[in-house]
Amino acid sequence: MDKNLRWGILGTGRIANTFTKDLLATGHLITAVGSRGRESADAFASKHGIKRSFSSYAELATCPEVDVIYVSTPHPYHAANARLALEAGKHVLLEKPFTLNAKEARDVMALAQSRGLVVLEAMWTRWLPHMVRLREIIRAGTIGEVRLLLVDHTLSLSIDPKHRLNDPSLGGGALLDLGIYPISFAWELFGAPSNVVAQATFSETGVDDSVTVILGYEGGRKAVTHSAKNARGQNRAVVVGNKGRIEIDPLWYNATSFTVIGNDDGIVERYTHPLKTRGMEYQAMEMEQLVKDGKISGDILPIEETVSIMECLDEVRRQIGLKYPTE
């Protein structure tokens, strides 16, 4: 493909607005938006200067002037919305968490592979410049063998029982909205764990307010993650090797900076890379490159890894006793 992919936006919520703003600011082509209602579709299109707006997801999926669809609906609808787009022959960038559970993730992966289409989890952090540089430093052996990841994703969010985050039927809770980030980071460093230990606290509405997960790996390597929606913490991450460590500044999962520190506590490198956007365009660049290269999965976040992460989230939920009503 020798031209930019033509993007369609499925869903008009907050994250869709941020994604759209970043794409347009960096020269990507958005040709259509779809919502469940005419008013929201038209308002979104008008706000961002998008030519076409549709009052149903099905109309967007079948639009001949759309090549790839970005799905940003609530968690329980991810799988169905992705299938709608894939069945219409569109590539899909699917917001995290990829689906509600691993079974749905496997079904979406199988459909995409059968159609020869890309379906990519929108774990945008993986493509941010500071994470690219972090991987380079680790591969170079600068901090030696990585032994430990300490990471938190902790915010003080709405306590309104009617809010999506507090609604079990919408996949609410800390795990799927926040915990997915540090757990995915652990996968990026270590791959699939050999054991999982999880504990959680719960809200009055029955969703997890906080969840702590320890992922164990061969040779004693560990990832210790903590996520919470009821109390804001440091939102830092530390990658520890036997020759040094990398301390990532807050908010570690956004475009940020970090410091590489040797075992003598001397600074080896201070990395900064200011962005004019939030940085959500990098995942779109990955999607466009995959399509251009004729690939249906990439190296930074293969679809099989996304499914494996969803299997881990299922195991965490089993241990803490969290089940969604729609399952």
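Okay, to start: in β5, which residue is the bridge partner of Ile 69? It's Val 92. That contact belongs to β4 (residues 68–71) and β5 (residues 91–94), parallel strands joined by four bridges.

Some housekeeping. This is a predicted model, so local features need pLDDT of at least 70 and side-chain atom pairs count only at pLDDT 80 or more, while totals for chains, interfaces and linings use all residues. Residues are numbered from 1 along each chain as its sequence is written, and side-chain values use heavy atoms, with hydrogens and water left out. Helices (H or I, at least four residues) and strands (E, at least two) are DSSP runs, numbered from the N terminus. For strands to pair, DSSP has to find at least two bridges between them.

β4 and β5 sit in an open sheet of six strands, order β3-β2-β1-β4-β5-β6, with parallel pairing. At the edges you'll find β3 (52–54) and β6 (119–121), each pairing on one side only. From one strand to the next, the twist averages 20 degrees. Angles here run from 0 to 180 degrees between N-to-C directions, with axes as lines fitted to C-alpha atoms, for helices over the stretch in contact; contact means heavy atoms within 4.5 Å. Helix α2 (residues 38–48) lies across β1 (6–10), β2 (29–34) and β3, and its angle to β3 is about 160 degrees.

Now the other sheet. Here eight strands form an open sheet, and the order goes β8-β9-β10-β7-β11-β12-β13-β14, with mixed pairing. β8 (195–202) and β14 are the edge strands; each has a single partner, so one side of each has no neighbour in the sheet. The twist in this one averages 10 degrees from strand to strand.

Let's walk through part of it. β8 and β9 are antiparallel, over eight bridges, and Val 197 has Ile 214 in β9 as its bridge partner. β9 (residues 208–216) is also antiparallel to β10, with seven bridges; there, Val 213 partners Thr 225. Those two strands make a hairpin with five residues between them, and Gly 219 in the turn has a positive phi of about 80 degrees. On to β7 (residues 146–154): it runs parallel to β10 (residues 222–228), again through seven bridges, and Asp 152 stands opposite His 226.

What about helices on this sheet? α9 (residues 303–320) lies across β8 and β9, at about 55 degrees to β8.

Next, the inside. A nonpolar core here is a set of buried Ala, Val, Leu, Ile, Met, Phe, Trp, Tyr and Cys residues joined through side-chain atoms within 4.5 Å. Buried means under 20% relative accessible area, exposed over 50%, and partly exposed in between, using a 1.4 Å probe and protein chains only. The largest core has 99 residues, and Trp 7, Tyr 70 and Phe 185 touch the most other members. The element that gives the most to this core is helix α7 (residues 174–190), with ten residues.

Aromatics: there are seven pairs in the structure. Rings of Phe, Tyr and Trp (its six-membered ring) pair if their centres lie within 6.5 Å, with planes under 30 degrees apart called stacked, over 60 edge-to-face, and the rest tilted. Which kind is Phe 258 with Tyr 271? The centres are 5.0 Å apart and the planes at 15 degrees, so that pair is stacked. Phe 258 is buried at 0%, and Tyr 271, at 12%, counts as buried as well. There's also a cluster of ring pairs linking Tyr 181, Phe 185, Trp 252 and Tyr 253.

Last, salt bridges: a side-chain nitrogen of Lys or Arg within 4 Å of a carboxyl oxygen of Asp or Glu. We've got 21 of them. Take Glu 305 and Arg 126, with the closest N and O atoms 2.7 Å apart. Glu 305 is in α9 and Arg 126 in the loop between β6 and α6 (129–139), so the pair ties together parts 179 residues apart in sequence. Both residues are buried. Asp 209 and Lys 229 also meet at 2.7 Å, N to O, and those two are buried too. Compare Asp 265 with Arg 245, at 3.2 Å: Asp 265 is exposed at 54%, while Arg 245 is partly exposed at 23%. And finally, shared partners join Arg 126, Arg 135, Glu 188 and Glu 305 into one salt-bridge network.
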